[in-house]
Amino acid sequence: MTRIFNFSAGPSILPVSVLEKVRDEFVDYQGNGMSLVEMSHRGKVYDNVHNGCVALIRELLGVPENYKILFLAGGATLQFGMIPMNFLWGGKTADFTLTGAWAQKACNDAKKIGKVSIVWDGKPGNYQDLPDPKTIKANPGSAYFHMTSNETIGGVQWQSWPDTGKVPLFCDMSSDFMSRRFPIEKFSLVYAGAQKNAGPAGATIVILREDLLKNCPESIVAYLDYRLHAKGNSLYNTPPVFTIWMIKLTLEWLKGKGGLPAAEKMAEERSKIIYDAIESSQGFYTCPVPRHCRSKMNLVFRMRTEQLESSFLEEAKKRKLEGLKGHRSVGGCRASVYNAMPVDGAKALAQLMADFAKRNG
Ligand code: PMP
């Protein structure tokens, strides 16, 4: 079998060694005579996987003990609604930065539960830029301040963090979680769907500071109540065991590579190769995002006509480079280069870009 270079935005490329390990252990998990996915989630064998995964996340990100690490279902999308249901009830206001389609979705759900104050709105600029975090202020008294660290569709990524003072900082890190270090103590709640850097789809990782839990309302249904998940160590109900197992294997792979410092270095290297290919094309390729906020995970670029873009995508497919079509809402091209993308993938893409521009420029 020849593996392609998979540039999809998510679900996305995973390390081959992780896929092989799952394959090898799938039917008979470590001599237990059954698959891990056939076992009780309350047994000792699964318990080791579950707590091993929590411990790895804690270790890689340096998460202190006063933060809970949860695995929830429903994608990052459920968090868009679950966060306000827990923290924006009773007439409260939350601050939002509207940096792209994902921030907008989070804000739309929050508006159904409480009030929102838009601290920064990127819509007039087509979500192609980000503000200087130093210029961003939270409104004193807001229940929380919500941001999206990396906009998967628009390809903009915050390079540093705003200071929100006493207002708790909440962040959707779905598309750059586990690709870089961040100062967890600045954040009260961080969430990320697993299906980019951390594993397959099916679980959302939520890291939240324990003292927030006192703000959850009594009148909330069980699954949406963070307190129950925190108290039960994400075993209040049956967790997505297969995904959690694969997250653990993926993070073990990352740890073996050198953890987050290594992930940062790889992201820097891959993204530089592709952005350099754009810059050196003399305008054949253009990136709509200014340098100061270009994403190292989702790299967007355009050509002068859609016709050219679709021939580019066809040629890419012939070279086994797939998933390069931009999101259907914005068009163009997008290369998602998550942790598991080898540098050779970025090089192969840059080579195609150079060849294609030479022939069509
Ligand atoms: N936030 C961001 C930044 C995303 O990229 C995505 C999905 N691509 C989501 C939220 C929604 O995640 P899910 O599909 O897991 O609900």
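In which loop is Q282 found? In this predicted model, Q282 belongs to the loop that runs between α7 (259-279) and β11 (298-301). The backbone of Q282 has a phi near 55°, which is a positive value in a residue other than glycine. With a relative accessible area of 79%, Q282 is exposed, because any residue over 50% is placed in that class.

A positive phi is also found at S234, where the angle is near 60° and the residue is, again, other than glycine. S234 is located in the loop between α5 (226-231) and α6 (241-257). Is S234 buried or exposed? The relative accessible area of S234 is 2%, and S234 is therefore counted as buried, since the cut-off for that class is under 20%. Thus a positive phi occurs at S234 and at Q282, while S234 is buried and Q282 is exposed.

Another backbone feature concerns the peptide bond from G10 to P11, which is cis, with omega near -5°. The proline of this pair, P11, lies in the loop that connects β1 (5-6) with α1 (16-26).

Attention now turns to the ligand and its surroundings. The residues around the ligand are G75, A76, T77, F80, W102, N150, T152, D172, S174, S175, Q195 and K196. By class, this shell divides into 3 nonpolar, 7 polar and 2 charged residues. Helix α3 (residues 75-87) supplies the largest share of the shell, with 4 residues.

For Q195, a polar side-chain atom lies 2.9 Å from an oxygen atom of the ligand.

Terms used
Residues are numbered from 1 along each chain as its sequence is written. This is a predicted model: local features need pLDDT of at least 70, side-chain atom pairs count only at pLDDT 80 or more; totals for chains, interfaces and linings use all residues. Side-chain values use heavy atoms; hydrogens and water are left out. A residue is near a molecule or strand if one of its heavy atoms lies within 4 Å of it. A polar contact is a pair of N or O atoms within 3.5 Å; within protein, one must be able to donate a hydrogen and the other to accept it, and residues adjacent in sequence count only if both atoms are side-chain atoms. Helices (H or I, at least four residues) and strands (E, at least two) are DSSP runs, numbered from the N terminus. Ala, Val, Leu, Ile, Met, Phe, Trp, Tyr, Cys and Pro count as nonpolar, Asp, Glu, Lys and Arg as charged, and the others, Gly among them, as polar. Buried means under 20% relative accessible area, exposed over 50%, partly exposed in between (1.4 Å probe, protein chains only).
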